[in-house]
Amino acid sequence: MNETKKLTGTEKFAYGLGAVAKDMVYMLSATYVSIYFMDVMGISAAAIGVLLLVARVFDAFNDPIMGVLVAKTKTRWGKFRPWLLIGTITNAIVLYLMFTIPPTLDAKGMVAYASVTYIVWGMTYTMMDIPYWSMVPAFTQSGKERESLSAFARSCAGVGSSLIAIITVSLVAALGKMCGGTTDREINRLGYSRFALIIAILFVIFIAITCFFIKEKSTVDMKSASIKDMFKALVQNDQAMTVVIAIVMINTALYITQQLVYFFLKYDFSPATYRNDFTMFNMVGGACQILAMMLLFPLLRKFMDTIHIFYTCFGMAIVGYALIIIISFTGTSQVAWLFIPAALIMAAVGVLNVIITIFLANTVDYGDLKNHRRDESVIFSMQTFVVKLASGIAGFLASMVLFIFNISSDKEAEILEPISKTSSMGLRFSMTLIPVVVLLIGFVVFRKKYILSDEKMNEITTELSNRKGE
């Protein structure tokens, strides 16, 4: 591919298709694997919580190592595409195995199987995720073209994650019944296995399309980031540290909500119709998230700077959680009432994720001015680990909530009896107050520490231009 050749529509579409696929896979693991392990296979909530957290600690070492391997790779097909394809194929296989635990295993066997497959899944996901985002400079020109592609890919990723949130529970039930399942647990066990297989196949096909249409430049170099590099970049760049904390808090709150709302609907709010209700809740929330990223953010940007949009979205999310608490105490079982808070929370998260990407890019220029060094590759390579860290923290907290309040995994939906009043109250408040507390911590840290307003960024850009002119 010629250095000056502009990005074609086909290349942009192929790259976006890859983002859809990989975030479908990520959302299936981040949100539903704990539901599958506990509610379907009956693994202890405490064991699951520890597993999810330990896996993220392991990623702290695995992610930088993968970055080094990619950076040192040289093949006739480039350095990124071989790892992207190999990582996708292996991750797809492990995804299927992770959602296909042999039911004949005893309790210890299931914990061991779940632990191995989940940790290996995280390793293989890193194997494809780091080269996916790192390859952008290999086929784009710097400036608007690169920024446009990155924003497009992030939007496509949001579409992929939203699709999984919307369709999973209903399709799992349908596939489970088609495969001969009769009890609720058997339907879910068979359904998750077949659904994971379908997603795995689509994953490989979509990424193969990305690899086929994207041609790398042979001149592109990639700087790998060690753990020491990441730590140094954060310590020396206080604004990057602030944004990373915000990313962790926003995504932790989101994943806690997505995991606990399933159990809230099944065991408390509407046991008889929880599958359809969960699907509808996610359908409304997912649609609002996508529309917010595509329409709400550009609209708000006409009237506010990015920092005030950021604050506005925090307020929207907190109002949404307050509404869930209020609705849960009205005694209603009509899920339509939950559509309003679902829309507020997911729209807010959608816009926040767009803004966070902008803020992270701003910290690169800030670091250049402050430290006379651009740590772009180091800072952006942290995104994979940071998001996975958030899912691990959320999974641990959600599992501990279920364990503490004795939300049993042995109940069948069709014959479900109401959970105890204590469990009900604990689930309601944990599902709402924990995310609110997490968001408020992120808000306070951000408000006190983040200084890169639109005006400040204009000043930084001018100073950097003057420095280059000298």
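Analyst: A salt bridge is counted when a side-chain nitrogen of Lys or Arg lies within 4 Å of a carboxyl oxygen of Asp or Glu. Side chains of opposite charge can pair when their charged atoms come close. The model shown here is predicted. In it, Asp129 and Lys22 form such a bridge through their side chains, with an N to O distance of 2.6 Å.

User: Which helices hold Asp129 and Lys22?

Analyst: Asp129 belongs to helix α4 (residues 107-134) and Lys22 to helix α1 (residues 9-40), so the bridge ties together parts that are 107 residues apart in sequence. Asp129 and Lys22 are both buried.

User: How many salt bridges does a search of the whole structure find?

Analyst: The search finds nine. Among them is the pair Asp39 and Lys266, whose side chains meet at 2.6 Å, N to O. Asp39 lies in helix α1 and Lys266 in helix α8 (residues 238-269), so far as sequence is concerned 227 residues apart. Asp39 and Lys266 are both buried.

User: Which residues are linked with Asp39 and Lys266 in a network of salt bridges?

Analyst: Asp184 and Arg275 are linked with Asp39 and Lys266 in that network. Helix α8 also contributes Asp268 to a bridge with Arg428 of helix α13 (residues 421-449), a link across 160 residues. The closest N and O atoms of Arg428 and Asp268 are 2.7 Å apart, and both residues are buried.

User: Turning to nonpolar packing, which residues touch the most other members of the largest nonpolar core?

Analyst: In soluble globular proteins, nonpolar side chains tend to be buried together. Here the largest nonpolar core has 132 residues, and those touching the most other members are Leu28, Phe37, Leu95, Phe99, Phe263, Phe310 and Phe359. Helix α8 gives the most to this core, with 19 residues.

User: What does Phe310 touch, apart from residues up to four places away in sequence?

Analyst: Phe310 touches Ala246, Ile250, Leu352, Ile355, Ile356, Phe359 and Phe446. One of these, Ile250, is placed in helix α8.

User: Is Ile250 buried or exposed?

Analyst: Buried means under 20% relative accessible area. Ile250 has a relative accessible area of 2%, and is therefore buried. With neighbours within four places in sequence left aside, Ile250 is in contact with Phe310, Phe314, Leu352, Asn353, Ile356 and Leu439. The C-alpha atoms of Ile250 and Val438 are separated by 7.6 Å, although the two residues are 188 residues apart along the chain.

Key: Residues are numbered from 1 along each chain as its sequence is written. This is a predicted model: local features need pLDDT of at least 70, side-chain atom pairs count only at pLDDT 80 or more; totals for chains, interfaces and linings use all residues. Side-chain values use heavy atoms; hydrogens and water are left out. Helices (H or I, at least four residues) and strands (E, at least two) are DSSP runs, numbered from the N terminus. Buried means under 20% relative accessible area, exposed over 50%, partly exposed in between (1.4 Å probe, protein chains only). A nonpolar core is a set of buried Ala, Val, Leu, Ile, Met, Phe, Trp, Tyr and Cys residues joined through side-chain atoms within 4.5 Å. Contact means heavy atoms within 4.5 Å.
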